[in-house]
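Please look through the sequence and the model shown below before reading on. The paragraphs after them are meant to be read with both in view.

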Amino acid sequence: MSLPTPYSRATDAALIEGCISGDRDALEVLWQRHGRLVLTTIARTLDVHGRGDAREAPIVYERLQKKVVKNGASPLRRLGHEASLRHWLTVLAHEAASTHVEDETPAVHLMSPAPTPAEILLDDLVGLEPARDVTQALRKLSPQIMAILRFELRGLTPREIAGALGTTEEILAGHLDRTAQRVAEISAEPTDRGLASRLWRSLLGCADVSERVALALLSEDDPAVAARREHARRTWAAVRERALSVPQPHSVTCLDDVSLASFVAGMRGADRARAEGHVTTCGRCADAVASVVLHLRVVPTLRAAEAHAESLAVAAACAATDHPRPAVAFAERAEREGQPRADEVHRLAMARRRLATSLGELPRQESSRVVARADLPTDDEAPLLAFEALITGNVSAAAQALDDHVAKRLVGARLRLLALASGHDLEEARRLSEQAITGKDPDLRLDAEMVLALPAERALPRELLVERMVDLLPSLIRLTLSRP
Ligand SMILES: [Zn+2]
């Protein structure tokens, strides 16, 4: 029987102590425990800057490893052993990747390229003007609403925003609703405000399920509504561009790396109130907080991938969290290394990429993979096959892949409901939804709520199907990784 390695069961605090005293074993365990989160954070940050391949991230990671222990591990000394090591390393990884991009990119490329005359014309038509009006209107709102919107623009969910700003989801929804009404007022004629406020409520994430279903159906039926929505979406995208691309000055009151980490980890008391006051008014710190919250979304997937190789774990974590480019790149690396499950994680990463582009439409020749099979898939491969079939719009193949046995598992049940509701059997979809709506799982309940909000004879609109599939993908990835 072999002895456990030193520090393998040590707390993070003991690890930090060990690293500070120069113990190599402690350092090794530190990277074993948190290295994948650091590497994934770097890969995701590089991807945000358009550098989504798998080559640069390990270089930045190696540099960061050296930095943490330099000068007698002085950065770790600053951290102290009370703070959350995981959160702090995430902050450092994000900063290291951002700095790398700045250093490696000629200054001229960091500024947005000068628009060509055609683009200027296009922008004038579909965003710039309304975006300026909207931005000006938003500036007049309270700092707290600005902070909320900044988080919203960064892609945080209402729950994450409420958590970060120490408020409740109900209060948050109230703020977002008032903002949506305000934007609707300034961006639409009085006769048109009803639709405008519905569009903006949906864009700002404060519309309820029945509103969202109604709006999706209306867009399917009425090209004019679809065009209005697209216009509002582009306006909001332009507001985001404006808000997030403006460099935010650093001030003396800005949170340092340790405070940022503690803030996201749930700092309390007077420190919390002070930090919250600052984050609410400082775009720079709000952005930093938002980034860390987003990076930490990968943790459940990394945990599910613990028994797998690093490349595969990073691929899975990126695929589960809206970063298909590094997901595909790291999955390809895992395939070259001959890692088990690499082929499936690669397919999942590709599936995520398809969902991200034009609502997942596929060229025709790629869409017959499932139908062409004569034999039924095994229970293990059925959910992935069904997922791929749903992306291609082959709802019958998706439904057929999921027999009763597979549908007993949550992922199978959700996929089957989505396949039925997308046109395979609308009555059966309703029947299943009525059962599921009283069930325990919140995700399946939300799927069911959407199905029940549909009028009879109407299939789930494609945009809502894609949304539910993106929501389901992390569970499917974790299921794939956990199979023996
Ligand atoms: Zn600040």
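Predicted model: local features only at pLDDT ≥ 70, side-chain atom pairs only at ≥ 80, totals over all residues.

Residues are numbered from 1 along each chain as its sequence is written.

The protein is divided into domain 1 (12-109), domain 2 (117-245) and domain 3 (357-482), with bounds that come from an automatic or database domain assignment. The centres of domain 1 and domain 3, taken over C-alpha atoms, are separated by 39 Å.

Helix α14 covers residues 257-265; here helices (H or I, at least four residues) are DSSP runs, numbered from the N terminus. Asp 257, Leu 260, Ala 261, Ser 262, Phe 263 and Val 264 of α14 are buried. A residue is called buried if 20 or more other C-beta atoms lie within 10 Å of its own, exposed if 12 or fewer, and partly exposed in between, with C-beta atoms placed from the backbone. The buried residues of α14 pack against α4 (85-104), α15 (269-281) and α16 (283-295). Gly 266 follows α14 and has a positive phi, near 105°.

Pro 249 counts as exposed because it has 9 C-beta neighbours inside 10 Å. The C-alpha atoms of Pro 249 and Trp 236 are separated by 24 Å, although the two are 13 residues apart along the chain.

Two packed helices are described by the angle between their axes and the distance between the axes. The axes are lines fitted to C-alpha atoms, for helices over the stretch in contact, and angles run from 0 to 180 degrees between N-to-C directions. For α4 and α14 the angle is about 125° and the axes are 8 Å apart. The two helices are therefore oblique to each other, since angles under 35 degrees count as roughly parallel, over 145 as roughly antiparallel, 65 to 115 as roughly perpendicular and the rest as oblique. The contact is made by His 87, Trp 88, Val 91, Leu 92 and Glu 95 of α4 together with Asp 257, Val 258, Leu 260, Ala 261, Val 264 and Ala 265 of α14; two residues are in contact if their C-beta atoms lie within 7 Å. By class, this contact has eight nonpolar, one polar and two charged residues. Ala, Val, Leu, Ile, Met, Phe, Trp, Tyr, Cys and Pro count as nonpolar, Asp, Glu, Lys and Arg as charged, and the others, Gly among them, as polar.

A second pair is formed by helix α9 (residues 158-165) and helix α10 (residues 169-187), which pack at an angle of about 105° with axes 9 Å apart. That angle makes α9 roughly perpendicular to α10. Pro 158, Arg 159, Ile 161 and Ala 162 in α9 meet Glu 169, Leu 172 and Ala 173 in α10. The residues of this contact divide into five nonpolar, no polar and two charged.

Helix α3 (residues 56-79) contains Asn 71, a residue other than glycine with a positive phi, near 50°. Asn 71 is exposed because it has 8 other C-beta atoms within 10 Å. Ala 73 also lies in α3, and its phi is positive too, near 55°. With 19 C-beta neighbours inside 10 Å, Ala 73 counts as partly exposed.
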